[in-house]
Amino acid sequence: MSLEQLTTELTSHFNRDDYETCAKLLTPIRIELIKNGLLVPSPDYRLNSNDMVITRSILEIGALVSINTHNMKEFSNYITLLRPFYILPQGTIPESSNRNKLLSLYLLLLLTQGDLALFHIELEKFQNFGKSVDELEGDEFLSIPIKFEKWIIDGDFNKVYEALSSKHKFPCKEFNLFETDLLNSIRLNIAENLESAYTSLPLENLKMLLFVETSKEATEFIDSFGWTSVNGVVYFNKKQNELEEEITDEKQIIKNALVYAKEMESII
Amino acid sequence: MTTEDNKVKDAKAAEAVVDGATAKADKPELENETVDALETLKEFPALIERSAQNFDPRYILKVFRELTPVRKEITSDTLVSLIESVYPPTNSHRAYLLEALSADPSAEMDTEDDDNQVPKRNPIPEVDIFIHLLVQIYLHDKKQFKKLHSFNKLCITALRSYDRRTLDYIQAKVWYYIFRSSELTHDLITIRADLMRALRTATLRHDSETRASTISLLLRDYLLTNDINQAYNLVEKTEFPENASNSVVARYYYYLARIQAIQLDYSSASECVIAAARKCSQTKSARGFLQTVTKLHILIQLLTGEIPDLTTFRDPLLETSLLPYLAVTRAVRLGDLKLFNETLQKYGAHLKRDDNYNLVLRLRQNVIKTGIRIISLSYKRISLKDICIKLHLDSEISAEYIVAKAIKDGVIDASINHKAGYMQSRELLDVYSTRGPQAEFDRRIKFCMSLHDDSVKAMRYPMNMNRVEDKVDPEAREREQELIQYLQDADGF
């Protein structure tokens, strides 16, 4: 099949939300793209701007398909492939309307993976488009991951939960796909915080704070963190503060003093 | 353009560090300044040759020190006559060097002074590259960036044709100007390949000066194009030479601090930025760099929840440039979100120009952190509800999560009692009852001792002097012979 046929087929399947078929089609398309040297933007980009727009839209479909089929690794790959198209000098090809949507999905993915360093690196890259972070906050799509990150850094997990549980607020459906992953990652965060902030906590409160519904889920958590649960109260087995040890070992001091003396002698 | 201004300023700062200049030519006597400059310049080739013969970089360093005061007085005429005195007319480099200075290579300069004889042999590579550097500096100072940019291509070819260790110091500087012109002509992507190649060659040749220089230039390139990930990869995969000169080390640490600050690794960033401030020369000429470093330092301190010392802002060298940062610090210290936003409005453009705007925006979140810290210091026990009111939070649950996170992050040392709904600060420990101070004391003494050892090691002995003395002192040699004899005899038994 030629590249053109494959592409029309892909678009029609994509519009019908038939992601399985799309995923199957994408591999031969990518091979065709490589054969024709279109997968990466060529240096003389003035010549074939039309081709590049097409390649870009194919890759964008690929990214959306992989995210809808929960293939996050594939999704990251597509973002990497798309990036050269997004950073082309202005005016070479028209800006993609999907750019901010895909990049904000990618940012959300980074949040679920807890990779805040990379998250901020990505935000810095927007400076190449002349955008600082507070300008990004005005964007329909990008404001979402940025808000989430703020809440996570603050520790305001309540707000994250509220935003996630009211599904219809997002501008596109793909954002909902991150719900479970993101919740799981913030639960881990919360659990770590609780461990250091409390000595004990009633089970009911723990469930509420971790946003878990059933006691079974709660017990799983308790077990995985090595906490103990007695009569409906959870005890966090904290390590004692290490600073409190008293000076008991005078030998170390003497040893140090001897070393100093030796050094002094060699200097004089 | 404002960003443009900044870049120029920034570059001046960097440059100032490069030169580490101490003396600014105050008011040169107008009459014979060109003659003076020419005379000083003409001394340089001899010094460099001496350096090359003895494999001792001291003379080259001396040249660089003396170059700074005369730098402003270099004119195309002085350079042309210098080139004429160094290169024989048949030399291939001579033509394009003169062309770069807009002089006609074919026309013989009407040499008024007769002792200016035409040299017969080609100059040694060190002198050749040094002349390249002088032309670069001249073009750079005269702001002929387009010309410098095309001249650089020839420089790179010239550099590749030589392979001598004594070139290292000059080469490192040549690369600096090559990069600088690329930056000014907005050609940051294509230069990377050349820098990478230079870095590879320098690494293979153990040329630590050029290696340090190219690494820091590459980092600057990546940071200017906001390619933090690339920059981070470079830092991860290369080893910065320990014995690079201070100005390059200072810049390297500054870039490192920037990368780490963006990656939210504030504690390492703080260490690096302090190192950068200490390594940079404390003279007036490095003021720009010091300003940039101090700005970053202030922000990093604020981001870690510390409030910088007020004296930082009082430094007469830095005071005016730090005004926006003082305002930001005030807003953070008061925990006042409204004041913070006003400050952003007022100084936003300035902060953007410093490339620090995104970092400042992160501080908005820190306002809450600082608030909690202040509360925990002033109250031994406070209900979550009160925290909620004081910090203008939405709900008690939010307050609970936020306090828990603050405890986990080590912002405060406290615990929460959920049943009664309060936060209790932990008693401050008496550190002197622990081993902490002892360990710290030990660390510092060790540092002083290693500093002493290093200085002894770094002391300079004139080369070959020991060996000469050996020969002069026959008695010692006799004794040595005796000793060897004795040892051999002892072996026999």
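Lining the second largest pocket are 42 residues, and Glu209(B), Asn243(B), Ala244(B), Ser245(B) and Asn246(B) sit nearest its centre. (A pocket here is an open set of points on a 1 Å grid over the protein atoms alone, with protein on both sides within 12 Å along at least five of seven lines, and lining residues have an atom within 4 Å of a point.) This is a predicted model, where local features need pLDDT of at least 70 and side-chain atom pairs count only at pLDDT 80 or more, while totals for chains, interfaces and linings use all residues. Residues are numbered from 1 along each chain as its sequence is written, and chains are lettered from A in the order in which they are written.

Helix 12 of chain B is the biggest giver to that lining, with seven residues. (Helices are DSSP runs of H or I, at least four residues, and strands are runs of E, at least two, numbered from the N terminus.)

Chain B also has an open sheet of three strands, in the order 1-3-2 with antiparallel pairing; strands pair if DSSP finds at least two bridges between them. At the edges are strand 1 (381-383) and strand 2 (414-417) of chain B, each pairing on one side only. Strand 1 of chain B joins strand 3 (residues 422-425) of chain B through three bridges, in the antiparallel sense. Here Arg381(B) stands opposite Gln424(B).

Over in chain A, helix 6 (residues 116-125) has eight of its ten residues buried, so it is largely enclosed by the rest of the structure. Buried means under 20% relative accessible area (1.4 Å probe, protein chains only). Among the buried ones are Phe119(A) and Ile121(A).

Terms used: Side-chain values use heavy atoms; hydrogens and water are left out. Buried means under 20% relative accessible area, exposed over 50%, partly exposed in between (1.4 Å probe, protein chains only). On a 1 Å grid over the protein atoms alone, a cavity is a set of points where a 1.4 Å probe fits but cannot get out, and a pocket is an open set with protein on both sides within 12 Å along at least five of seven lines; lining residues have an atom within 4 Å of a point.
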